[in-house]
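Visitor: I am new to this structure and would like to know on what grounds its contacts are given their names. Could you take me through them with care?

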Number of protein chains: 2
Amino acid sequence: MVRAVTEITDADDERIAPFSAIREKDLVGRRGLFIAEGTVVLRVLAEAHRAGGPFSADRILVLENRLAGVADILETFPDDVPVFTCRSEVMNRIAGFDMHRGVLALGRIGRQPTTAELIARLPDDALVAVAIGLSNHDNAGGIFRNATAFGADAVLLDSTSCDPLYRKALRVSVGSVLKMPWSRQGEARDILAELAGAGFQVVTLSPSGEVPLHAVERARRTALVLGTEGEGLPADILKSFRPVRIPQSPGLDSLNVSTAAGIALYQLALLKGRIA
Amino acid sequence: MVRAVTEITDADDERIAPFSAIREKDLVGRRGLFIAEGTVVLRVLAEAHRAGGPFSADRILVLENRLAGVADILETFPDDVPVFTCRSEVMNRIAGFDMHRGVLALGRIGRQPTTAELIARLPDDALVAVAIGLSNHDNAGGIFRNATAFGADAVLLDSTSCDPLYRKALRVSVGSVLKMPWSRQGEARDILAELAGAGFQVVTLSPSGEVPLHAVERARRTALVLGTEGEGLPADILKSFRPVRIPQSPGLDSLNVSTAAGIALYQLALLKGRIA
């Protein structure tokens, strides 16, 4: 069965208007929409759509010469998700996004669980990543990718962290933002207090931490807390929870926060017997 | 003492020509020059220049309103390295590079050691990272940053890998490309054969590897071998050396190669007692 596809010949056609003109900030923030880009993310969006969770597909736009390559993915979307196609001349006229990948979908954000709901739903043996003041979309995507690789149960971001549904973050996450349970709300202190109250061992990561990562003791529930790029975690948070360091050679900058998350989640997942 | 600084008022001034017009490919490949960008890399370039190794500074261009912020770094360059400054109107007219950081240096590539020379110089107890067919500059920079963080002795790239002196790679490496001994030449098989001949335990990384990373045995000399993004290492290399996997949850894509390098180097450095 071949999926019905509508050709667009006019870059100003309003059916593809959401892909152009609108600034991403307005799209994600005010309209509850997001842009999914590339084959890998499109495949995850199709799974998320069928699973009936908070993220669904609104419409899809594929460059004509990329259609054959994604035909199998397009067939997994229900018929009420329209698929549009256009030639590169039209694609190139659509402003606002860098379209060179030629595979785009407009996603819709439904009701996401609150942080309290997410914590309440966590299994008895749990591993979560918490990001405080994360400002870089690449790092946000990288943290989701690593959390997924090491089987974390959720990612909790405070309200000052950037939105992982931004195009770049979503792409770097290889779509895992659409699968991993997550929330982005509230203050750092409140999130950590709630986790501690729910029996979590709170592992704050800092280059100046006293405890080396490999000396962290096994716990039933563990939360790994990551700070902002450059500044790291606020001093009062580091004072409240015994900070842990990834041992490394002196000199230069510390590790990138997404890489640090990967290393710490690897070590914690190993400790908890989640990977072997 | 205040460093002498020459103001440039014309974007076509030939003293700043190397920062514009020339495509980076030609600059790095044919002319033996590279662009260092931002405060962090400028500081490392100053150290490399003073150390008298293969990398030196040719000239520096700093946006007028950034001068005060980098004054302490500029003073550490010898007087025969000219420092130019300009206003943002002039900086914006310089094409070819994204100049928003406002701190640029032109670097000069001297004679680098060959792969054989590098291997011959390695200490008795050694840890090196080897990259085969690496194509992404962000990942190249990330691998250097991680190799530095975990005290690796050298990074060996095969001739098909991308150049770590490209602006983006150098920036992501936080300048470590200018400090870490490295080479980029030869075929993968020859490099690995040479390492094996020099008594190296060759650890090839692959998602399908039989041995989990934490089960690798301690060896006096260890080489971690990383494959190209997407494809991974060629089958014949994986067949010749027992491949090692970073254990992870099933599903989605495998880890990003720079993150995988970080995790593996962390584990190997720990095993070898290089970090604690």
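This is a predicted model: local features need pLDDT of at least 70, side-chain atom pairs count only at pLDDT 80 or more; totals for chains, interfaces and linings use all residues.

Guide: We can begin with Ser249(B), whose side chain reaches the backbone nitrogen of Gly151(A) at 3.1 Å.

Visitor: Where is Ser249(B) found, and with which residues is it in contact?

Guide: Ser249(B) sits in the loop between strand E12 (243-245) and helix H10 (257-271) of chain B, helices (H or I, at least four residues) and strands (E, at least two) being DSSP runs numbered from the N terminus. Apart from neighbours within four places in sequence, Ser249(B) is in contact (heavy atoms within 4.5 Å) with Thr148(A), Ala149(A), Phe150(A), Gly151(A) and Ile275(A).

Visitor: How many residues are in contact between chain A and chain B, and how much area do the chains bury?

Guide: In chain A 31 residues are in contact with 30 residues of chain B. The two chains bury about 2,600 Å² between them, 63% of it on carbon and sulfur atoms, where buried area is the accessible area (1.4 Å probe) that two parts lose on being put together, summed over both. Ten residue pairs are in polar contact between chain A and chain B, both residues being at pLDDT 80 or more. On the side of chain A that touches chain B, H10(A) gives the most, with six residues.

Visitor: Why is the relation of chain A to chain B called that of a two-fold axis?

Guide: Chain A can be laid on chain B with an RMSD of 0.0 Å by a turn of 180° and a shift of 0.0 Å along the axis, the copies being superposed by least squares on the C-alpha atoms of residues with pLDDT of at least 70 in both. That is the relation of a two-fold axis. The same surface serves both copies, as 97% of the contact residues of chain A recur in chain B.

Visitor: What makes the pair of Glu37(A) and Arg167(A) a salt bridge?

Guide: A salt bridge is a side-chain nitrogen of Lys or Arg within 4 Å of a carboxyl oxygen of Asp or Glu. For Glu37(A) and Arg167(A) the N to O distance is 2.9 Å, which is within 4 Å, so the pair is counted as a salt bridge. The rule finds three salt bridges across the interface of domain 1 of chain A and domain 2 of chain A, whereas across the interface of chain A and chain B it finds zero.

Visitor: Which residues make up domain 1 and domain 2 of chain A?

Guide: Domain 1 covers 6-109 and domain 2 covers 115-271, with bounds that come from an automatic or database domain assignment. The contact takes 18 residues from domain 1 of chain A and twelve residues from domain 2 of chain A.

Methods. Residues are numbered from 1 along each chain as its sequence is written. Chains are lettered from A and ligands numbered from 1 in the order in which they are written. Side-chain values use heavy atoms; hydrogens and water are left out. A polar contact is a pair of N or O atoms within 3.5 Å; within protein, one must be able to donate a hydrogen and the other to accept it, and residues adjacent in sequence count only if both atoms are side-chain atoms.
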